[in-house]
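Thanks for coming. I will go through one structure, keeping to strands, disulfides and salt bridges. Please have a look at it first.

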Amino acid sequence: VGTYYDPSEPSRCHNCPGASTSAAGATSVAACDCLPNHGSFPFCICSSGTYLNATSGPCVSCPGGLSSSSGSLSVADCVVEMQMNSNAVLQEHPASAIYSAAAFDAGTLQDLSGHGRDATVTAGTVSLRTASGHGASAAVVALAGSNSDEVLWPVGSIPATFTVCSVTRYDDLGGSRLRILNCQSSPSQPLNWLHGHYNGWRGLTYYPEFKTNQANVGTATDWLVMCGTSDAGVAVPGNIVLDQDEIGIANGGAGPCQLAINYDQPSDWLVHSVLIWDSGLSTATMKQVTAALREALDSGGDLLSSTVCTDGLACVCGVGTYYDPSEPSRCHNCPGASTSAAGATSVAACDCLPNHGSFPFCICSSGTYLNATSGPCVSCPGGLSSSSGSLSVADCVVEMQMNSNAVLQEHPASAIYSAAAFDAGTLQDLSGHGRDATVTAGTVSLRTASGHGASAAVVALAGSNSDEVLWPVGSIPATFTVCSVTRYDDLGTRRDRILTCANSPQNLNWLHGH
């Protein structure tokens with residue numbers, strides 16, 4: 001069950017891809033079908049609110065109070081609904097530029113709004129750093145630079161009328177703490193303008209006069225989640241929002257200017273995200289944004305590179321995700337071992353990772369398994385192998401075990417039983433001949449444990465001396481070969497026969513093993 005035969009690799013069975021399964025005896029991948037409520041084959045992905053977890057079934061529900069996008073591969077994809085729907089604010093109030101550290105690559109900080117206002121490293125070496133602490137409960141990805149590392153945005157990056165929301169902090173590993181987000185001394189459009197940090201203090205704005213008190217707020221090196229607007233129609237103190245606190249002392253402000261880091265009054269700095277609007281946002285809306293940004297720090301999520309939908313533009317989804325117009329408020333993960341370029345507008349834009357089959361049947365190749373926490377497919381530990389489509393490191397076994405079915409192909413068994421196939425009192429015959437064994441007395445259960453000659457934890461059928469199991473008549477043929485793995489239970493004291501025909505309806509004084 002859940003596997004299929006592939007004549008191109010006849011010595012192994014292959015797991016059905018993603019959230020799909022099959023009846024026993026499937027002879028091609030086409031015999032697999034999606035689990036209920038998990039899409040249409042071959043695009044079998046976990047539905048919204050669930051994630052793929054091979055250790056407890058293909059798709060399991062997110063923990064209480066959390067949600068996920070369809071196609072999620074790990075419990076880490078389960079986040080608070082506020083974070084999942086943070087882009088609803090962006091749909092109602094399209095941003096002119098959106099930046100997330102997770103979208104940094106080869107010296108460029110991509111503008112995820114689709115307007116092409118990328119920021120560029122112009123001096124030094126800027127790198128990504130992942131760490132928790134400093135007000136972040138989870139490990140978050142941030143762009144990190146020293147006081148000699150410079151970043152420059154395009155001309156007009158701060159509009160004439162603006163709202164700016166950001167997550168930034170001073171780097172505690174360095175001693176320079178002046179400005180971070182700053183327009184002063186930018187090469188093409190300078191203005192004495194700053195947002196967030198000044199002179200060792202946290203929680204200040206200057207647009208281009210102080211709109212906050214000239215004093216530090218909180219711990220200087222903690223993450224600062226702050227929004228501010230130059231719209232004179234937004235009254236103090238709600239024109240500047242730090243987390244959920246309103247801290248403005250004067251409203252209004254001026255632009256435009258060219259945003260930069262370290263072109264004047266440099267700092268050792270970290271940037272998680274920056275959002276810029278060419279209009280004013282209300283106090284309530286800015287609080288929605290800061291709440292979502294704070295939740296990203298607490299969950300380790302990257303809400304900015306997931307879904308950004310703007311009027312008149314396609315929904316811009318990050319790498320490895322795609323847009324689905326039937327669920328426009330979210331991006332969806334590419335299924336299985338596949339990925340996509342940023343901006344994918346349908347699942348058809350996803351493609352298999354190298355050496356992982358042909359789309360849409362992107363399954364992990366033999367010798368690897370799906371592990372969402374460290375990339376779609378990772379290699380089995382040394383000396384172990386796996387069938388293609390394996391979903392867990394538990395599927396990695398010694399090669400002898402992988403190839404055991406080659407013997408069965410050459411010498412077909414009349415009956416095959418595995419404890420793992422026990423369900424509701426029936427031990428299924430995996431040979432396909434229907435010779436199921438049945439519990440006829442007592443309560444037989446599954447037990448998973450190592451020891452007693454087993455190096456790993458193995459699944460076994462366990463019963464006491466009053467628990468009975470019966471096979472069909474003729475289960476031991478006139479001429480037979482029997483292979484088994486059995487043992488006496490050390491938790492009990494009765495030790496006579498285990499596999500026996502004595503006193504069965506087809507009585508014969510016969511035993512095997514004990």
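**Salt bridges, strands and disulfides**

I start with Lys287, which counts as partly exposed because its relative accessibility is 22%. On the terms here, buried means under 20% relative accessible area, exposed means over 50%, and partly exposed is in between, with a 1.4 Å probe and protein chains only.

Before going on, the ground rules. This is a predicted model, in which local features need pLDDT of at least 70 and side-chain atom pairs count only at pLDDT 80 or more, while totals for chains, interfaces and linings use all residues. Residues are numbered from 1 along each chain as its sequence is written, and side-chain values use heavy atoms, with hydrogens and water left out.

Back to Lys287. Its side chain meets that of Glu246 in a salt bridge, at 2.8 Å from N to O. The two residues are 41 apart and link distant parts of the chain, with Lys287 in helix α3 (residues 283–299) and Glu246 in strand β22. Helices (H or I, at least four residues) and strands (E, at least two) are DSSP runs, numbered from the N terminus. Glu246 is partly exposed, with a relative accessible area of 35%.

A salt bridge here is a side-chain nitrogen of Lys or Arg within 4 Å of a carboxyl oxygen of Asp or Glu. How many salt bridges does a search of the whole structure find? It finds 8.

Another one of them joins Arg129 and Asp171, whose closest N and O atoms are 2.9 Å apart. Arg129 lies in strand β13 (residues 127–133) and Asp171 in the loop between β16 and β17, so this pair ties together parts that are 42 residues apart in sequence. Arg129 is partly exposed, at 26% relative accessible area, whereas Asp171 counts as buried at 5%.

Asp172 forms a salt bridge with Arg169, and there the closest N and O atoms are 3.2 Å apart. Asp172 counts as partly exposed at 34% relative accessibility, while Arg169 is buried at 5%.

Arg169 brings us to strand β16. Why is strand β16 described as largely enclosed by the rest of the structure? Because 8 of the 8 residues in this strand (residues 163–170) are buried. Thr163, Cys165, Val167 and Arg169 point one way, and Val164, Ser166, Thr168 and Tyr170 point the other.

Two strands pair if DSSP finds at least two bridges between them. β16 pairs with strand β20 (residues 224–229) in the antiparallel sense over 6 bridges. It is also joined by 8 bridges to strand β24 (residues 269–277), again running antiparallel. In β24, Trp269 stands opposite Tyr170.

On the β20 side, Cys165 stands opposite Cys227, and a disulfide joins the two, with 1.9 Å from S to S. Cys165 lies in strand β16 and Cys227 in strand β20, so the pair ties together parts that are 62 residues apart in sequence. The torsion about their S-S bond is about 115 degrees, so this disulfide is right-handed. Cys165 is buried, with a relative accessible area of 0%, and Cys227 is buried with 0%.

A disulfide is counted when a pair of cysteine sulfur atoms lies within 2.5 Å. The whole structure has 2 disulfides. Cys183 and Cys257 are also joined by one, at 2.1 Å from S to S. Its torsion is about 55 degrees, so it is right-handed. Both Cys183 and Cys257 are buried.
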